Amino acid sequence: MTKLRKLCSRVRGVMSVSVLIAGSVCASDYSFTGNLQRDDDHARFTFSLDQTTKVVIRTLSYGGGTNAEGNQISSGGFDPSVSIFDQNGALVATNRDGSCQEVRQDLQSMMCWDSYLNPSLPAGTYQVVLTQSVNTPRGPFLENGFSFDGEGNFTSSSQPTGFIDQVGNQRTSAYAVDISGVTSATAGIDKNFSSLVNAASFDAGSVAPNTILTFFGNGLGGGEPVVKLAGQSLNVLYSDDNQINIVAPMSFPSSTRRANLEIIQAGNVVASKEVNASAAAPALFTISQTGRGQVAVLNQDYSVNSIAAPAVRGSHIMIYGTGFGVANEVGTDGLSILRSGVTATIGGKPADVTFAGLAFGYTSGLQQINVKVPENIPAGSSIGVQLMVNGEFTQTGTTIVVE
């Protein structure tokens with residue numbers, strides 16, 4: 001962020017004791033650039049006004065142009081939306097597409113899908129939220145969230161990079177925004193998670209007991225965060241500035257259907273999100289760590305299931321997942337069995353589940369399901385496998401190798 005210019009006028013105010021004091025009102029222009037990680041990310045900015053002022057907010061990354069700092073911004077960024085909220089979180093104004101009079105046309109796409117706002121606002125503090133295109137506010141308050149929150153790269157089901165515009169053009173993750181005519185402006189941390197997903201499937205959804213969760217964001221602080229769910233501190237498995245992995249505890253949920261999840265750094269809440277609770281949200285870990293393809297499975301001889309080591313029909317395999325719900329207390333055999341029964345299909349055929357519980361010696365977020373491979377399925381390198389608990393299925397597109 002660089003301040004381009006400052007125009008100050010002297011004003012006078014009278015204190016209650018009739019002492020004259022001098023102050024200044026300054027109108028400044030600010031430029032911000034950066035990148036989103038996923039389609040459903042937010043970029044947030046805070047600005048303040050000392051008096052009623054006509055403010056200009058514009059983006060330049062889709063069509064390109066010269067920003068308030070005087071730097072040339074390349075075209076090619078994603079199609080943006082901008083929204084202004086007041087200090088109480090109420091929506092003041094929002095815009096998806098400006099006109100070609102305010103923003104330059106992108107020469108490649110021949111479109112001018114940058115955003116532009118020019119409201120007159122009273123003195124106060126405001127937030128600007130920049131999102132991708134149709135990810136617009138869900139309601140009249142910031143706490144209502146945005147239309148595609150938690151849906152990752154929602155603009156593209158076939159391309160992993162996301163950032164596809166309204167006519168199917170691949171765009172970059174870059175944004176550039178000017179906030180002009182304000183007293184001050186700063187870039188802020190996104191107080192809502194860019195993405196909260198199941199760590200096995202990478203799908204967004206509800207939170208269940210004994211589930212490993214991953215959330216992605218910007219400016220999460222790295223270090224050693226404290227993460228709380230419904231006020232309860234959680235086990236943090238991994239953290240850096242953009243990602244934190246946690247385990248939803250056995251005791252969640254109790255009687256609530258929704259709960260607040262918070263990330264706390266140095267005593268300050270740097271991100272928070274309300275999440276849905278469910279009894280189970282099962283998913284299988286995969287070798288590719290994408291949530292699709294070859295499942296993390298050990299064969300009966302404890303070799304890793306693969307083309308080089310396929311499972312034998314009629315043998316037992318050990319499947320690893322998360323989100324299968326509450327487990328019983330540890331028994332005399334040292335094992336903790338899931339309270340709800342798990343069913344399985346392999347190659348579209350029912351498969352006997354011989355054990356379903358917490359993986360011994362690991363975090364409670366990791367569950368192990370032992371399944372007998374049906375005798376009546378064909379051999380193959382991509383034989384489908386899917387489990388179910390409490391009426392909830394694991395993700396589709398998961399496979400094992402069968403000899």
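Buried residues are those under 20% relative accessible area, exposed ones are over 50%, and partly exposed ones lie in between, with a 1.4 Å probe and protein chains only. This is a predicted model, in which local features need pLDDT of at least 70 and side-chain atom pairs count only at pLDDT 80 or more, while totals for chains, interfaces and linings use all residues. Residues are numbered from 1 along each chain as its sequence is written, and side-chain values use heavy atoms, with hydrogens and water left out.

**View 1. The loop residue Asn 67 and its surroundings.** Asn 67, in the loop between β6 (65-66) and β7 (72-73), counts as buried because its relative accessibility is 7%. Its side chain reaches the backbone nitrogen of Asn 71 at 2.9 Å, where a polar contact is a pair of N or O atoms within 3.5 Å; within protein, one must be able to donate a hydrogen and the other to accept it, and residues adjacent in sequence count only if both atoms are side-chain atoms. Not counting residues up to four places away in sequence, Asn 67 touches Ser 31, Arg 58, Leu 60, Ile 73 and Asp 178, contact meaning heavy atoms within 4.5 Å.

View 2. Seven aromatic pairs are found in a search of the whole structure; rings of Phe, Tyr and Trp (its six-membered ring) pair if their centres lie within 6.5 Å, and planes under 30 degrees apart count as stacked, over 60 as edge-to-face and the rest as tilted. The pair of Phe 32 and Phe 45 is tilted, because the ring centres are 4.9 Å apart and the planes stand at 40°. Phe 32 belongs to strand β2 (residues 20-35) and Phe 45 to strand β3 (residues 43-49), 13 residues apart, strands being DSSP runs (E, at least two residues) numbered from the N terminus. The rings of Phe 45 and Tyr 175 have centres 6.1 Å apart and planes at 75°, so this pair is edge-to-face. Because Phe 45 lies in strand β3 and Tyr 175 in strand β13 (residues 174-182), the pair ties together parts that are 130 residues apart in sequence. Phe 32 and Phe 45 are both buried, Tyr 175 is buried as well, and ring pairs link these residues into a cluster.

**View 3. The largest nonpolar core.** A nonpolar core is a set of buried Ala, Val, Leu, Ile, Met, Phe, Trp, Tyr and Cys residues joined through side-chain atoms within 4.5 Å. The largest has 26 residues, of which Ile 317, Ile 319, Ile 346, Val 371, Leu 387 and Ile 400 touch the most other members. At least two residues of this core come from each of β26 (316-322), β27 (342-346), β29 (353-358), β30 (367-372), β31 (380-389) and β33 (398-402), and the largest share, four residues, is supplied by β31. Another core, of 24 residues, lies apart from this one and includes Phe 47, Val 82, Ile 84 and Ala 185.

**View 4. Arg 258 in strand β21.** Arg 258 has its place in strand β21 (residues 258-265) and counts as partly exposed, because its relative accessibility is 38%. Leaving aside neighbours within four places in sequence, Arg 258 is in contact with Glu 274, Val 275 and Asn 276. The C-alpha atoms of Arg 258 and Asn 276, which are 18 residues apart along the chain, are separated by 4.6 Å.
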